[in-house]
Amino acid sequence: MSRKTVFVDSDILVVGGGMGGCGATYESRYWGRDLKIVCVEKANIERSGAVAQGLYAINCYMGMQWNENQPEDHVRYARNDLMGLVREDLGYDIARHVDATVHKFEEWGLPIMKDPKTGKYQREGKWQIMIHGESYKPLVAEAARKAASEVYNRIMVTHLLMDSKRPNRVAGAVGFNVRNGDFYVFRAKAVIVAAGGASHIFKPRAVGEGMGRTWYAPWSSASAYALPILAGAKMTQMENRIVLTRFKDGYGPVGAYFLHLKTYTQNAYGQDYEAFWRDSIEKMVGDYVNHHPVPTCLRNHALLEEVKAGRGPIRMVTKEAFKDPHKETIGWENFLGMTIGQAVVWASQNIDPKEINPELTTSEPYVMGSHATCSGAWASGPEDYAPAEYQWGYNRMMTVEGLFGAGDTIGGTAHKFSSGSFTEGRIAAKAAVKYVMERSNDRPEVSEKEYEQLRAVVYQPLENYRIGRNEIVAGTVSPSYILPLHGLQRLEKIMDEYVVGISSHYTTNEPLLTRGLELLAMLKEDLSCLGAPDLHQLQRAWELQHRVLASECVTQHTLFRQETRWPGYYYRADHPRLDDKDWHCFTLSRYDRQTGRWEMEKAPVYHIID
Amino acid sequence: MPTFVYMTSCDGCGYCVDICPSDIMHIDTTYRRAYNVEPNMCWECYSCVKACPQHAIDCRGYADFAPLGHSVRVLREEEKATVSWRIKFRDGREKNFVSPIRTTPWGSIKGPSEYAPPSAAAMSSQELAHEPEALKVDVLPTLARSRLKKGLV
Amino acid sequence: MHNPFAALPASIPPIAMQIYVAVMFLLVVFGTLLDLAHKGSAKYFFQHRRVASFGARRRVDAGEAAALAAETIAVSVLAAGEFCGMLRRVTHLLTMYGFVLYVVTTAVMVFAYPTAAAPGPAILSELWYLGALLVCVGGLWFWLLQRVDVAAEGHSPFRLVRADLFVVSLLASAAFALIWGGVQAAGDHASANAFFGLYLLSNTVLFGSVPWSKFAHMFYKPAAAFQRRIEHASGFRNNLPAPADRPVGFGSARRQPHNY
């Protein structure tokens with residue numbers, strides 16, 4: 001079937017139109033008035049990404065104007081929550097700019113709640129402010145549309161293209177139009193990857209329709225990782241997956257409950273259990289147990305142990321708080337503006353928090369870079385203060401020249417959330433504009449051979465299905481191809497059983513991880529036999545490809561780090577303790593596309609000293 | 001909570017197909033109306049529900065864990081910049097909520113090109129667009145390189 | 001313009017054409033009733049109506065219901081108000097009025113003026129041609145550009161699925177009508193007979209496929225639209241929230257749904 005090829009040339013290509021991508025698009029235009037800025041998104045930037053349904057809080061705001069917090073405070077907070085291991089240079093950089101981002105959001109029209117007494121932003125907690133954010137994404141998309149030369153919706157980017165003249169430099173990307181199947185070749189001087197992290201790489205708790213109710217958006221298909229990995233960029237902290245304690249089944253958020261409504265948890269018998277586990281946690285992680293606030297993973301750990309001990313389900317005590325009508329409204333609107341599914345679950349089961357203390361549960365693990373977790377690409381830091389080991393050129397540039405990242409794509413920058421991701425997009429954009437302007441006559445070259453080879457690869461699943469379909473009468477079972485859902489379910493089962501999922505109580509060891517790699521290798525081989533009946537399934541096929549590669553990276557990192565740094569996220573049963581002697585460091589990996597080999601190394605951690 | 005489309009309300013306009021972040025709202029080949037083709041990839045984000053001009057899309061909680069008889073419906077009114085919710089429990093109890101969604105008119109954001117172009121000094125500084133004014137402090141904070149120390153502290 | 005049916009009695013007696021037209025009409029009636037019975041959709045409709053009346057917050061009296069019925073006819077039927085997009089509404093209006101014009105004039109010509117001796121006033125056949133032309137213009141425009149599976153989903157305009165049965169047979173009927181009329185007026189009787197055959201075939205498919213096509217939806221939609229108006233007036237609103245009691249003034253962000 002002949003498919004049209006569309007060439008799109010630009011100065012800066014932003015891959016992904018979520019919070020990070022919209023920030024990058026906006027800022028690129030500010031600094032590059034005459035540059036061609038293109039944003040490409042596999043869905044529609046109006047509602048794409050993790051903020052599709054809105055948010056009820058902005059979880060990263062300093063409040064410097066009111067002396068509420070300083071950037072250093074946020075770095076210490078993130079460092080503490082991640083058990084010491086964050087890129088403090090990158091974190092400080094986001095924290096010092098994020099207030100400006102939030103103020104622009106307000107100016108653009110985001111309704112931010114105000115404290116009636118002081119007129120300041122209504123704080124939910126030390127770092128969080130409350131918003132009426134149902135239209136957070138459309139607002140930010142409007143800003144991006146006013147900045148971009150062109151926005152391409154419904155184009156799934158499958159691969160980055162490399163410069164054929166110089167090694168280790170990016171030159172653009174290829175992808176396909178999910179609607180009409182056209183092949184797209186993007187040629188750019190700089191590429192900013194701001195795609196989605198990894199949901200659906202571990203088996204979720206619900207496996208029917210309920211599979212869709214993941215905590216992190218199901219369309220986050222790890223493109224943020226697979227695209228740089230394939231380009232040879234170094235990745236960091238990919239073992240640092242996050243497990244979330246949230247309301248049962250709907251995974252509705254608990255932040256406003258803990259911080260604003262002042263609710264708390266209890267086991268099934270009405271007992272406070274966290275203190276009970278303190279000593280055993282101290283045996284695992286030492287002095288970290290005394291840090292305030294208690295790191296997220298350690299709170300998870302206490303809950304997991306309590307449930308294993310048979311005293312679940314754990315409940316959120318809401319009956320007192322919900323008697324206050326204002327708090328009751330917040331409790332419900334918290335879901336409606338952020339995770340509508342939780343309101344649906346409670347309505348369906350007649351759960352009114354005034355009468356029932358709702359159940360909590362821990363989710364399956366996710367790998368992403370903007371929450372209480374920081375997996376992603378290893379990036380260069382800010383020029384004004386980053387140590388030499390963290391600085392090799394432009395801010396937020398990866399170890400591949402011309403390749404920048406923002407949002408879930410970048411590793412080491414925990415607790416940035418939506419505002420921080422948008423801010424990181426802005427940081428990467430300014431650096432990318434500088435990069436482009438300083439190379440006005442030096443354009444990377446895309447090789448026709450490379451993109452023609454990729455074209456065949458991109459559409460292969462359609463061809464596999466078309467031909468293989470002739471062998472069977474009907475149905476989904478074929479000996480020669482697998483559907484994307486089959487591959488996804490196999491991946492989720494492998495990761496669940498071997499690489500730390502819920503069925504193993506988040507525990508693994510070297511023999512399990514090694515076996516996991518063997519099974520992943522066979523799955524990778526089978527990916528060449530993916531069969532896609534139509535373009536929608538072709539998109540699913542490429543989402544799976546990205547997920548499998550990211551999962552392989554996660555497994556390699558999990559094997560490499562021989563300690564249990566974040567009990568409550570995952571446990572290495574063969575190295576059950578935190579080991580600051582050997583492992584107070586970042587893990588880095590680099591994938592060789594030709595040999596399929598992973599090179600692992602350690603990188604030092606720099607801390608801001610008082 | 002996967003979505004479903006009411007047969008007699010859908011007029012086949014395609015707004016849901018266009019907006020769905022998961023690419024799961026598609027057109028049925030018998031009726032040329034919309035339906036959810038992959039409920040197990042539906043996040044219940046309600047983007048399609050809100051986008052439908054005919055209010056033809058509704059949600060039913062995931063069959064894995066949501067008993068029948070509930071209803072969570074939304075009315076997003078751009079002209080008023082409000083979103084209204086009506087929640088009905090399985091046992092008939094009802095809760096209603098209204099929230100603002102925007103404080104400025106749609107389309108009113110000032111594009112970055114409408115600002116004065118940045119100076120060369122601004123370009124070479126660490127400041128992002130609209131800084132330091134947008135920070136609402138005098139100066140963009142920075143660190144001395146000596147403040148960062150390698151290793152365990 | 002001449003009445004194309006007037007030349008037929010040379011080969012087909014008028015009574016045969018009249019029986020044919022009557023059969024087509026009955027096919028629509030029985031096809032719709034069969035569809036309703038087979039699917040149980042009428043039973044569903046009345047079940048839903050009961051649920052709606054239990055959920056009502058206020059009574060809608062006969063006078064109000066009559067006004068809502070009139071509104072349904074005026075807006076949903078005559079002005080194609082069920083289409084939210086202006087272009088789709090326009091193509092539907094062209095096709096709908098064209099179809100009505102063409103069907104009514106066909107019936108009049110076949111029953112009242114079926115012979116060459118008394119072919120009827122010229123205006124009748126002019127309206128017949130106009131009606132068929134409107135169907136072709138509106139239908140082709142819809143077919144190539146407005147169909148949602150083409151416009152929003154990106155399918156080829158030449159992809160055929162069951163949902164296309166109604167509009168394709170309608171377009172074929174109108175197109176063959178025009179060609180037949182033109183060829184016959186030009187005097188080429190052999191070709192005229194061939195096109196007349198195709199015209200009859202497409203009509204038979206159009207009216208005979210009612211249980212399988214979207215034809216009957218032109219009757220269901222207004223009924224559903226009326227029911228919806230009643231539900232909104234009664235406060236049930238099918239569980240939708242009531243409009244917010246807030247001032248307008250923010251404009252709209254709605255963009256065309258073809259963003260790819």
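1. Let's start where chains C and B meet: 32 residues of chain C and 37 residues of chain B take part in the contact. Two residues count as in contact when their C-beta atoms, placed from the backbone, lie within 7 Å. On chain C, helix H6 (148-151) and helix H9 (217-234) each give at least two residues to the side that touches chain B. Helices (H or I, at least four residues) and strands (E, at least two) are DSSP runs numbered from the N terminus. That side of chain C has 18 nonpolar, six polar and eight charged residues. Here Ala, Val, Leu, Ile, Met, Phe, Trp, Tyr, Cys and Pro count as nonpolar, Asp, Glu, Lys and Arg as charged, and the others, Gly among them, as polar.

2. A quick word on what you're looking at: this is a predicted model, where local features need pLDDT of at least 70, side-chain atom pairs count only at pLDDT 80 or more, and totals for chains, interfaces and linings use all residues. Residues are numbered from 1 along each chain as its sequence is written, while chains are lettered from A and ligands numbered from 1 in the order in which they are written.

3. Now the contact between chains A and B: 81 residues of chain A are in contact with 73 residues of chain B. Helix H1 (15-19) and strands S6 (82-88), S7 (94-100) and S8 (148-150) of chain B each supply at least two residues of the side that touches chain A. By class, that side of chain B has 42 nonpolar, 15 polar and 16 charged residues. There is strand pairing across the two chains as well: strand S20 (residues 606-608) of chain A runs antiparallel to S8(B), joined by three bridges. Strands pair if DSSP finds at least two bridges between them. Look for Tyr606(A), which stands opposite Lys150(B).

4. On to chain A as a whole, with its 16 helices and 20 strands. Buried residues make up 64% of chain A. Buried means that 20 or more other C-beta atoms lie within 10 Å of the residue's own, with C-beta atoms placed from the backbone.

5. Strand S4 (residues 129-133) of chain A is worth a look, with five of its five residues buried. Ile129(A), Ile131(A) and Gly133(A) lie on one side, and Met130(A) and His132(A) on the other. Its antiparallel partner is strand S3 (residues 55-58) of chain A, over three bridges, with Leu55(A) bridged to Gly133(A).

6. Next, find the open antiparallel sheet of four strands in chain A, ordered S14-S9-S18-S19. S14 (376-377) and S19 (598-604) stand at the edges with a single partner strand each, so one side of each has no neighbour in the sheet. Two bridges join S9 (residues 235-236) to S18 (residues 585-591), and Met235(A) has Ser589(A) as its bridge partner.

7. Last, the domains of chain A: domain 1 (245-362) and domain 2 (448-601), with bounds from an automatic or database domain assignment. Their centres, taken over C-alpha atoms, are 32 Å apart. Eleven residues of domain 1 are in contact with nine residues of domain 2. H8(A) gives the most to the domain 1 side, with seven residues.

Technical notes:
A residue is buried if 20 or more other C-beta atoms lie within 10 Å of its own, exposed if 12 or fewer, and partly exposed in between; C-beta atoms are placed from the backbone.
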